[in-house]
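Please go through the notes below with the model open. Each point takes up one feature or one group of residues.

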Amino acid sequence: MRSTVSKMLRSQAKLLDFGRRQWTVSCLSRFLSQDSKLTLVEVDDETGITTLTMNRPPVNSCNLELLQDLKESIKQIECNKSRGLILTSSNDRVFSSGLDLNEMHKPNQERLVAFWRTLQEMWLSLYLCSVPTAAAINGHALAVGCVLSAACEYRVMLPGFNIGIHATKFGYVVPPFIVNSYLSVLPRFIVERALLQGKLFTTEEALQVQLIDEVANSKNEAISKCADFITSFAGTNPEARALTKRQFRDQDVQLLIDDPEGQLHECLEYINSPFMQDNLDGYLAKLKSKNKK
C-alpha cells in the first residue's frame, strides 16, 4: 500500500511540474478576452455541490478562451473544497458541439500551440479532478462534448440528442488521451468501431452501451440525478476517495504527463498537414452551405 501511494504521489508531482510548464498568464492574455464569462460557476449552499455551466453561444464550440475558462473554473472548484462538480450547458439544445474548427483551420501557429496545450491541460484537470464529477448532458454532446462527458465519473442525458466522437468525418485522427477518455467508459471493441465509423449514439443507444448512466426528462432532473450521485460519496473520506480515483485513472494520463511536449508536437504536425487542412476546407465549406439553407 505504501509503495502504491508513493507512486501516486510521484505521479502527482509530475502533474504539478507539467502545470509549471504552462505558458505564462501574460502570454495567454494576448489571446484571452475578458469581455464575457464563458463559464458560469454556481454553488448550492445546501449541498455544497458546484454547477459549472458552459456558456459560449451559439453551441459551446470550444475555442481557446472557453478551454482556458473551463480549466480555471475546474481548478477554482477544487480549491474551494466543493463537494462535487456538475458540468452542464446554458444551451437547451447543445451541450457542446466540440472543438471550434476555426482554431485549427489555417491557424495562427502561436495561438494553435496555446489552444492545443490548453485542451490537454483542461482534460487533465477534469479527468483527474479530486472531487466527484458528473455531467448533466442537456443537448447534443459531439466530439469534445463527448470527451468532456466521458471525463466525468457519471453522466445523465436528456432524450432526443446525440453523443459521440465523429472526428473521422472531417479527417482528424483523435490523439491517445481522447481515446483513453472513451476507453475509460466503453469496452475497446465499441470504442474502436465507433471511432472508425465516426458514430454518434442516440440517448437510447448511449444508455444501452453504458456511455451514459441515466436518462432524465429535463435539465433540472438531470442536475438532481447528478447531485444524488455526488451525494452518494458523503460517507467517504475525500482524500482517500481522490487517491483511489487517481489510482484507477493514473495509467490513462501517464503518456500525457510524461511527454506533454511530444504529444503536443504530434498533434500540431497533423493539424498543419495538407491532408488535414484540405479536409477541414471541405468540411467547413459543407457546414457553411448547410447553414445558408
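1. Start with Asn60. Asn60 is buried, with a relative accessible area of 1%. Buried means under 20% relative accessible area, exposed means over 50%, and partly exposed lies in between (1.4 Å probe, protein chains only). Asn60 sits in the loop between β2 and β3. Its phi is positive, about 55°, although Asn60 is not a glycine.

2. A word on the source. This is a predicted model, in which local features need pLDDT of at least 70, side-chain atom pairs count only at pLDDT 80 or more, and totals for chains, interfaces and linings use all residues. Residues are numbered from 1 along each chain as its sequence is written, and side-chain values use heavy atoms, with hydrogens and water left out.

3. Pro57 and Pro58 are joined by a cis peptide bond, with omega about 5°. Pro58 lies in the loop between β2 and β3 (61-62).

4. Compare Gln210. Gln210 also has a positive phi, near 70°, in a residue other than glycine. The residue is in the loop between α8 (203-209) and β12 (214-215). Buried or exposed? Gln210 counts as exposed, at 57% relative accessibility.

5. Check Asp69, in helix α3 (residues 64-79). Asp69 is buried yet has no salt bridge. A salt bridge here needs a side-chain nitrogen of Lys or Arg within 4 Å of a carboxyl oxygen of Asp or Glu. The nearest side chain of opposite charge is Lys37, 4.0 Å away. Lys and Arg count as positive, Asp and Glu as negative; His and the chain ends are not counted. Leaving aside residues up to four places away in sequence, Asp69 touches Lys37, Leu38 and Thr39. Contact means heavy atoms within 4.5 Å.

6. Look at helix α5 (residues 144-151). 8 of its 8 residues are buried, so α5 is largely enclosed by the rest of the structure. Among them are Cys146, Leu148 and Ser149.

7. Now the whole chain. The secondary structure comes to 12 helices and 12 strands. Both are DSSP runs, numbered from the N terminus: helices are H or I with at least four residues, strands are E with at least two. Of the 293 residues, 52% count as buried. Of the contacts in the chain with a separation of 6 or more, 76% are between residues 24 or more positions apart.
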